[in-house]
Amino acid sequence: MIAAVIFTLVKIVRNPSRTAQVSSEKEAERLAQTMSADELYVLAKSHLDKTTPDADYSLGKEIMAVAAEKGNAEAQLYMGDNLDYDDNIKAVEWYKKAAAQGLDEACEKLGDIYNYGREFGSNKIEPDATQALKWYTPLAEKGNIEVQKTLALMCSLDLDDEEAAIKWYEKAAQTGDTEAISWLVMHYDAEDDTQNAVKWCKTAAEAGDAEHMYELGRLYEFAEPSDMENAVLWYRKAADNGYRKANVKLALLYMEGDGVEKDQRKAFEMFQTEADAGSSWAKYNVAMCYKNGTVVQKDIDKAVQLFKQSQDFDMSVYELALCYENGTGVEKSEEKVFELLNGAGEDSYNEDILFKLGECYFYGRGTDKDKEKARKLWRKAAWYGSDEAKHAIEWLLGEIYTEEDEYEDE
């Protein structure tokens, strides 16, 4: 008898954590006999959140498991969260139990699991848009803005249902959500539906969002026909509300006298102010003033320095590449030209960079000749409106550029 007791004590000493776990399980089971599921959940939280003097994390987890088994929805959600990305199937089971009791957060978790899938953990789950739609839709109909936006994006990208995407973005936008409004403005602008783009943009702008004030100015400027009076009005409001990009835009208008009285000195001063504040777009424009001798004395060295300082702005990269191509303010270098243009990337949206990079590949300037790459780059540049690229396709590649071929490439 004594030997058996000693043996048991040795086991306890060697594996105290296992003993504690068994003790926690038994204590949780004992408590479950006299407490309701909701009482167990509250007690478990006090241990897990350490809001009770004798907090015991292990005991809290065991009590939470018992609360979940007895039917507390929040405890079931907790169990799902602990198993998510570990045992995904069991996580789904717990989430479904909580969702069946009307817990919206569990429904959203299920929507996320089926929307994005689960690659990690055991029991991988593949994305399933139909299942995601099932769990998201009731929440979106209840007015959950984040779910409305997620559902809209899923409808647009995964289900190819633009009508449904617009419906859910509009519901979110009606609450003043600027992210949803931005999507709608982008969508209607791309569809050349200026009226709807302006309508939605104005809701955010009039609510005080400076970025949408700027965007509204842009919509008025590039409308058919343009409305420069309103464009300038909203650019100024954006600038007055701290959106510094609007100052650069206003400076460009003063430089050209577009919608305002032409004042190149004022434009330069505005460019310089924003350049000093770190704007690469403004630095590029200051550089162009020095390159061309606009308002200030021509100074190629200053221009090159500013182009180098603002290489995160595509046109600065392009102008710097031209400097290296022509040996203007720097030593001529075809290798440097290619390095700069290639650094901007074949995925650039800048038609001038794409055309010039295509030239590098066609003629083998700074890199090996590759006419197929040149062709691809020129076609993309042509898509963005480059007449030079269109001529190169015709005269150097001997092909005829057509809109139909362009769409096939894209």
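Ala, Val, Leu, Ile, Met, Phe, Trp, Tyr, Cys and Pro count as nonpolar, Asp, Glu, Lys and Arg as charged, and the others, Gly among them, as polar. By these classes, five nonpolar, two polar and five charged residues line the largest pocket of the chain. The model is predicted: local features need pLDDT of at least 70 and side-chain atom pairs count only at pLDDT 80 or more, whereas totals for chains, interfaces and linings use all residues. Residues are numbered from 1 along each chain as its sequence is written, and side-chain values use heavy atoms, with hydrogens and water left out.

**Figure 1. Overall dimensions and secondary structure of the chain.**
The chain contains 24 helices and zero strands; helices (H or I, at least four residues) and strands (E, at least two) are DSSP runs, numbered from the N terminus. Its C-alpha atoms fill a box of roughly 100 × 50 × 45 Å along the principal axes. Of the 410 residues, 43% are buried (under 20% relative accessible area; exposed is over 50% and partly exposed in between, with a 1.4 Å probe and protein chains only).

The largest pocket holds about 280 Å³ of space. A pocket is an open set of points on a 1 Å grid over the protein atoms alone, where a 1.4 Å probe fits, with protein on both sides within 12 Å along at least five of seven lines; lining residues have an atom within 4 Å of a point. Points are joined across faces, edges and corners, and the volume is the space filled by probe spheres set on them. The lining comprises Ser-182, Val-185, Met-186, Asp-189, Ala-190, Glu-211, His-212, Tyr-214, Glu-215, Arg-218, Tyr-243 and Lys-245. Helix 11 (178-190) and helix 13 (210-221) are the elements that give two or more residues to this lining. Glu-211, a residue of helix 13, is partly exposed at 47% relative accessible area.

**Figure 2. The aromatic pair of Tyr-349 and Tyr-384.**
Rings of Phe, Tyr and Trp (its six-membered ring) pair if their centres lie within 6.5 Å, with planes under 30 degrees apart stacked, over 60 edge-to-face and the rest tilted. This rule gives eleven aromatic pairs. One of them joins Tyr-349 and Tyr-384 edge-to-face, at 5.9 Å centre to centre and 75° between the planes. Tyr-349 belongs to the loop between helix 20 (334-344) and helix 21 (351-363), and Tyr-384 to the loop between helix 22 (371-383) and helix 23 (387-395), so the pair ties together parts that are 35 residues apart in sequence. Tyr-349 is exposed, at 65% relative accessible area, while Tyr-384 is partly exposed, at 28%. The charged end of Lys-380 also sits over the ring of Tyr-349, 5.9 Å from its centre (a charge sits over a ring if NZ of Lys or CZ of Arg is within 6 Å of the ring centre and within 35 degrees of the ring normal).

**Figure 3. Further ring contacts.**
Phe-355, Phe-362, Tyr-363 and Trp-378 are linked by ring pairs into a cluster. Elsewhere, Lys-237 places its charged end over the ring of Trp-234, 4.2 Å from the ring centre.

Most residues other than glycine have a negative phi, and most peptide bonds are trans. The bond from Glu-224 to Pro-225 is cis, with omega near 0°; Pro-225 lies in the loop between helix 13 and helix 14 (228-240). Lys-50 has a positive phi, near 60°, and is located in the loop between helix 3 (37-48) and helix 4 (57-69). Lys-50 is exposed, with 64% relative accessible area. Val-295 has a phi of about 75°, positive although the residue is not a glycine. Val-295 occupies the loop between helix 17 (280-292) and helix 18 (300-309) and is partly exposed at 28% relative accessibility.

**Figure 4. Two C-alpha separations.**
Asp-86, in the loop between helix 5 (73-83) and helix 6 (88-100), is partly exposed at 44% relative accessible area. Asp-86 and Asn-123 are 37 residues apart in sequence and 8.3 Å apart from C-alpha to C-alpha. Leu-252 is placed in helix 15 (residues 245-256) and is partly exposed at 23% relative accessible area. The C-alpha atoms of Leu-252 and Cys-323, 71 residues apart along the chain, are separated by 23 Å.
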